[in-house]
Amino acid sequence: MLAADTPLPSLDTPPAGTPRLAGDLAIWIFILAELLAFGAFFAAYAFTRAHHIELFTHEQQALNRITGAINTMLLLTSSYFVVRAVQAAERSAPAPCARWLVAAIACGVGFIVIKLHEYSAAFERGVTLSSSPFHMFYLSLTFFHFMHVLLGLVILSALWLGARAGRYRPNDMNGLESGAAYWHMVDLVWLVLFPLVYVIH
Amino acid sequence: MSSLHGSPARATWLWLLLIAGTLLTLAIGEEGAAGIGIVALLAVISQIKGSVIILDYMALRHAPLLWRIVVPGWMIAVWSLIAIAYWSGLPR
């Protein structure tokens with residue numbers, strides 16, 4: 001006999017404690033492919049740097065580590081807000097879920113705005129893809145990541161619409177968890193990119 | 001139904017840890033510290049932050065074993081390559 005406030009177990013809910021991947025298997029395959037691409041890029045940066053140490057050290061000095069760190073914190077905070085959104089959906093609270101997603105999107109937009117300022121300052125210094133090996137890596141690595149932030153914001157916006165429509169519930173978390181996993185991946189990659197490109201010399 | 005995504009309180013404490021790690025990384029950068037020991041320290045900070053994202057925020061703590069090996073393993077592999085590259089570029 002179930003108490004009135006006990007949700008009915010759905011037929012496809014595994015017993016508690018069974019290992020489960022949060023999100024669709026397909027998004028995780030995609031995430032792994034993305035991680036490998038970024039990983040190859042990071043290794044290429046590190047080994048190229050080993051042959052141009054003075055150049056990399058000199059040109060890295062021109063980067064603004066403060067705005068780089070602010071951007072790191074914006075992505076981390078955005079990821080935290082997405083976790084809160086997922087937790088809200090997990091306790092059947094669609095309105096807070098949607099509000100946390102708006103907060104996450106706002107942080108992501110903040111990242112974009114700061115990055116665009118950084119790029120415009122770099123272009124004023126004459127930084128181009130062909131001006132030096134460091135500039136080539138700096139622009140291509142950060143821009144590759146920047147495109148992922150843009151795609152992530154599109155995904156978060158779709159999740160926000162879904163949350164407003166009350167689509168995510170404790171037994172129907174797949175779409176929300178899949179989008180959340182992608183956004184966390186964008187954050188995870190930046191956690192290597194920031195120390196590697198802005199700090200290590 | 002068991003919770004896969006933990007409690008808001010835990011997520012908030014971990015967020016504070018992530019911010020603290022970022023400020024430490026920034027301080028090292030502003031200090032201009034260099035050397036293989038500093039690279040190792042930055043790698044450890046990054047790996048700890050990454051583990052929070054991977055195990056808690058991505059909820060892989062509750063995923064099948066393969067995923068708990070492959071995703072953190074990616075980060076260990078990347079930092080190992082960065083450390084080897086840094087070491088190979090040291091003057092000798």
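This is a predicted model: local features need pLDDT of at least 70, side-chain atom pairs count only at pLDDT 80 or more; totals for chains, interfaces and linings use all residues.
Student: Understood. How many helices and strands are there in chain A?

Tutor: Chain A has six helices and zero strands.

Student: What percentage of the residues in chain A is buried?

Tutor: Of the 201 residues in chain A, 52% are buried. As for contacts between residues at least 6 apart in sequence, 80% of them join residues at least 24 apart.

Student: Changing topic: how many residues of chain A are in contact with chain B?

Tutor: In chain A, 55 residues are in contact with 52 residues of chain B. The two chains bury about 4400 Å² between them, and 77% of this area lies on carbon and sulfur atoms.

Student: Which residues in chain A lose the most area to chain B?

Tutor: They are A:Tyr80, A:Leu188 and A:His201, which together make up 13% of what that side buries.

Student: Which side chains meet in a salt bridge?

Tutor: The count between chain A and chain B is one salt bridge. The side chains of A:Arg65 and B:Glu30 meet there, at 3.2 Å from N to O.

Student: Lastly, how far apart are the mean positions of the charges of chain A?

Tutor: The mean positions of its 11 positive and 12 negative charges are 7 Å apart.

Technical notes:
Residues are numbered from 1 along each chain as its sequence is written. Chains are lettered from A and ligands numbered from 1 in the order in which they are written. Side-chain values use heavy atoms; hydrogens and water are left out. Helices (H or I, at least four residues) and strands (E, at least two) are DSSP runs, numbered from the N terminus. Buried means under 20% relative accessible area, exposed over 50%, partly exposed in between (1.4 Å probe, protein chains only). Contact means heavy atoms within 4.5 Å. Lys and Arg count as positive and Asp and Glu as negative; His and the chain ends are not counted. The place of a charge is taken as NZ of Lys, CZ of Arg, CG of Asp or CD of Glu. Buried area is the accessible area (1.4 Å probe) that two parts lose on being put together, summed over both. A salt bridge is a side-chain nitrogen of Lys or Arg within 4 Å of a carboxyl oxygen of Asp or Glu.
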